[in-house]
Amino acid sequence: MIEVTEFVYYADLAGIAVFAATGVLAAQGRQIDMFGVIVLAIVTALGGGTLRDLCLNAHPLIWIADPVLLWTAVIAALFTFAVCRYRPYPRRALLTLDAAGLALFAVAGAEKALSLGFTPTIAVVMAVVTGCAGGMIRDLMTVRIPGILRHDEFYATCALLGAIFYVSLHGIIESGLLALITIAIIFIVRMLAIVLELRLPVFVLAGMDHPPRLPRLLRRLFKKSKHPEE
Amino acid sequence: MIEVTEFVYYADLAGIAVFAATGVLAAQGRQIDMFGVIVLAIVTALGGGTLRDLCLNAHPLIWIADPVLLWTAVIAALFTFAVCRYRPYPRRALLTLDAAGLALFAVAGAEKALSLGFTPTIAVVMAVVTGCAGGMIRDLMTVRIPGILRHDEFYATCALLGAIFYVSLHGIIESGLLALITIAIIFIVRMLAIVLELRLPVFVLAGMDHPPRLPRLLRRLFKKSKHPEE
Amino acid sequence: MIEVTEFVYYADLAGIAVFAATGVLAAQGRQIDMFGVIVLAIVTALGGGTLRDLCLNAHPLIWIADPVLLWTAVIAALFTFAVCRYRPYPRRALLTLDAAGLALFAVAGAEKALSLGFTPTIAVVMAVVTGCAGGMIRDLMTVRIPGILRHDEFYATCALLGAIFYVSLHGIIESGLLALITIAIIFIVRMLAIVLELRLPVFVLAGMDHPPRLPRLLRRLFKKSKHPEE
């Protein structure tokens, strides 16, 4: 039992580090300095959990209760800042780790809401908020349309589907096992969506030209950034 | 008595649906997908009330206490998403409904602050926050200067004037009647401002060219979007 | 004793007025009207303290507890709005006053967190949030990359260093004296950083061209705006 909790804790720290690294990478081409990347890293890694806790009135905030989370984001940011100056970063690995982070954060968000006595609907919302809001704030702070709003490969949708699965079986399957299954499902759906280029339809107004869709994206995906410039 | 409360509740849901629709329409030309428009709809419809409740420490948040609000925004978003692909949307009707939504939300914000024992000044601030913050977050999330900051036709100013009227007469006129009068005033002032193109002066620095002002805007207003691109 | 508290209070109001003025000036060229500049002024002056209090769950918020803060921001905004139409504003004086405001706000943020029993780490974070978050929200609302993320002259870094100094000596040196020393340090480091053009290194990816750095910035600084357009 203690082992599962400990595993979840370290997995969480790993998720924070990966999210922090994506925050740093969003600074590219934006003339953002060393302090700025630390802010971006903290906001990306801890923004989702903070927004969730504010909405649920669950004080103290995660990073206030446990400053190790904060230090993890800071150290990951400085590491990324230093290394990426000299070496190309492993884009494919980062995308994979980011999917794992999303899965972990979404399940943690749903679990926290349920454990505080909120309804399944709110737990699903909080899963999406925990998994996606950090990245959304990161994009806004670097003046981009948030990636999760755009026709990305099922990013937030994975968190949504996983959270619905989780709250549906909560209380039926043993909590730790259910968490692991859900994490696996979110991760696998996200990776499949990337490989198969699954996307949701884009919003268009009647009379406007439909934007190009579903082209040679697989190639592009592993070459260029996940969050293309505006 | 119960009838007034029920009327207010359904009017509130209608306001949420209209604000959600404006959130969806802000996605045009931004490559935002089906999930993205739902997020924009929720944020536009419920962002103002959420920010108000966070500032007033009034937990649980409205949409946590009553998930019907959340579902209303989601269904309105999906409906708008589907219909606007195939039919031009009724811009003029939407502008009118949006004014009604602004009036309802502003009064609801002021009423909530007063009922929680806050001062009239704070009630006025919360009226503006409840009516306008959702649209502001929507604009930020689609990387636009918030419409309410720009020289729009008295949008936030209507909420401000209405709220001052409301708190001034609160306790003097019967609460339900006062709410209805205030809603009517905000709505009428907003519609008059649109028709007469009333605007506040724009900020300019000394020595800079004054930007063009008060031109052929009536025509433009009913032809193009209320929130022109940057 | 009362005299120090009173001095801090009036210094705080002065800081709010200066921050409000920078909020108004950010509206230049953005077609933002009189209401918009008031919103920007309030957000710039009170956004940092509000975010801090939300994170620390320290209700009521400063401007709800004391509406004088709100009125100070509004009056400063209207004054700036009116005067800057006709007279060039004193850029150099504003930069100096802004440095003083940053110092005051940072110390106030650290002090509040410590007095509520939070750890030194959280106090340092809150010093930076109190000093910098308002300006960051101002920049986001006018669709700019936040100035504090960019290679500005040690803006947030001054708050960070000052806060570390403050929490290190808290309990050792008498509180009022320590506050004054820290304020002086932050102010002096910031002014030195401006004059000497001290900057943190910018984030760049390996293989990308390094952006131009440390050029003729002193001249530019006193000629153009502190927050250059994108």
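Mentor: A:Y9 is partly exposed, at a relative accessible area of 31%, while A:Y10 counts as exposed at 51%. On this scale, buried means under 20% relative accessible area, exposed means over 50%, and partly exposed lies in between (1.4 Å probe, protein chains only). The model is predicted, so local features need pLDDT of at least 70 and side-chain atom pairs count only at pLDDT 80 or more, while totals for chains, interfaces and linings use all residues. Residues are numbered from 1 along each chain as its sequence is written, chains are lettered from A and ligands numbered from 1 in the order in which they are written, and side-chain values use heavy atoms, with hydrogens and water left out.

The rings of Phe, Tyr and Trp (its six-membered ring) pair if their centres lie within 6.5 Å; planes under 30 degrees apart are stacked, over 60 edge-to-face, and the rest tilted. Over all chains, this rule gives 6 aromatic pairs. The ring centres of A:Y9 and A:Y10 are 5.6 Å apart and the ring planes stand at 70°, so this pair is edge-to-face.

Now the chain that holds these two residues. Chain A has 9 helices and 0 strands, where helices (H or I, at least four residues) and strands (E, at least two) are DSSP runs numbered from the N terminus. Its order along the sequence is α-α-α-α-α-α-α-α-α. Of the 230 residues in chain A, 57% are buried. A contact means heavy atoms within 4.5 Å. Among contacts in chain A between residues at least 6 apart in sequence, 75% join residues at least 24 apart.

A:M191 sits in helix α8 (residues 175–196) of chain A, and at 21% relative accessibility A:M191 is partly exposed. Leaving out residues up to four places away in sequence, A:M191 touches A:T96 and A:A99. A:A99 is 92 residues from A:M191 in sequence, yet their C-alpha atoms are 7.2 Å apart.

Next, where chain A meets chain C. Here 35 residues of chain C are in contact with 35 residues of chain A. The two chains bury about 3000 Å², with 71% from carbon and sulfur atoms; buried area is the accessible area (1.4 Å probe) that two parts lose on being put together, summed over both. There are 0 salt bridges between chain C and chain A, counting a side-chain nitrogen of Lys or Arg within 4 Å of a carboxyl oxygen of Asp or Glu. On the chain C side, α2, α6 and α7 (155–169) each give two or more residues, and the largest share, 7 residues, comes from α6(C). That side divides into 26 nonpolar, 5 polar and 4 charged residues; Ala, Val, Leu, Ile, Met, Phe, Trp, Tyr, Cys and Pro count as nonpolar, Asp, Glu, Lys and Arg as charged, and the others, Gly among them, as polar.

Chain C also meets chain B. This contact takes 34 residues from chain C and 35 residues from chain B. About 3000 Å² is buried between them, 71% of it on carbon and sulfur atoms. Within chain C, C:Q31, C:F35 and C:R85 lose the most area to chain B, together 25% of what that side buries. The interface of chain C and chain B has 0 salt bridges. Helices α1 (2–25), α2 (34–56), α3 (62–65), α4 (68–84) and α6 (120–141) of chain C each supply at least two residues to this side. The largest share, 7 residues, comes from α2(C). By class, this side of chain C has 23 nonpolar, 7 polar and 4 charged residues.
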